[in-house]
Amino acid sequence: MKRLQDFEGDKAIITAAKVLGVIIEILKDPRNAEMKGEKNGVVMFTTFMQNSPEKMREIFAILSEKDPKDYNCNGTEAIFNMMVLANDPIIMRLFTTQSQKRDATSSGSASENTEA
């Protein structure tokens, strides 16, 4: 199984879109939504594997460049794949980056906000 950063060009864009689509589905499950922001990837992905095994299998398939309908793995592969996800800085950043709230009085202009 590859990490997201191992894909290049159009394949990277397509793969990222597929993975993000599945992640959105995983986080729609209230049992999984509370894991958003969990900094321990093993804890987070273990929860996802328990609550949404079919969606995790889909991510494993996408990152293995296989058709999710035909993809199957054994327990050792599942743990290995989960560890790849937990150690992928790009995947982890999707879950650990908190949304930033902009100051209501700020226009969003960097030059305006840095002027004395």
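Tutor: Happy to! A word on the whole first: this is a predicted model, and the protein has 7 helices and 0 strands. Read along the sequence, the pattern is therefore simply α-α-α-α-α-α-α. Of its 116 residues, 33% are buried.

Now to the pair, helix H3 (41-51) and helix H5 (75-86). The axes of H3 and H5 come within 9 Å of each other, crossing at roughly 130 degrees. Because an angle over 145 degrees would be needed to count as roughly antiparallel, and 65 to 115 for roughly perpendicular, H3 and H5 are classed as oblique. The crossing of H3 past H5 is right-handed. On the H3 side, the contact is made by Gly41, Val42, Phe45, Thr46 and Met49, while H5 brings Ala78, Met82, Met83, Leu85 and Ala86.

Two of these names come back when we turn to the largest nonpolar core. That core holds 24 residues, and Phe45, Met56, Ile59 and Leu85 are the ones that touch the most other members. The elements giving two or more residues to the core are helix H1 (9-28), H3, H4, H5 and helix H6 (89-96). H4 gives the most, with 6 residues.

Follow the chain out of H3 and you reach Ser52, in the loop between H3 and H4. Is Ser52 buried or exposed? Its relative accessibility is 4%, and because buried means under 20%, Ser52 counts as buried. Beyond its neighbours within four places in sequence, Ser52 is in contact with Ile26, Asp29 and Asn32.

On the way towards H5, the chain runs through helix H4 (53-63) and then the loop between H4 and H5, where Glu65 sits. Glu65 has a phi near 60 degrees, a positive value in a residue other than glycine. With 40% relative accessibility, Glu65 lies between the 20% and 50% cut-offs, so it counts as partly exposed.

Notes. Residues numbered from 1 in each chain as written. Predicted model: local features only at pLDDT ≥ 70, side-chain atom pairs only at ≥ 80, totals over all residues. Heavy atoms only, no water. Helix = DSSP H or I, 4+ residues; strand = E, 2+ residues; numbered from the N terminus. Buried < 20%, exposed > 50% of the residue type's maximum accessible area, 1.4 Å probe, protein only. Core = buried A, V, L, I, M, F, W, Y, C linked by side-chain atoms within 4.5 Å. Axes fitted to C-alpha atoms, helices over the stretch in contact; angles between N-to-C directions. Parallel < 35°, antiparallel > 145°, perpendicular 65-115°, else oblique. Left-handed = near helix turned anticlockwise from the far one by under 90°. Contact = heavy atoms within 4.5 Å.
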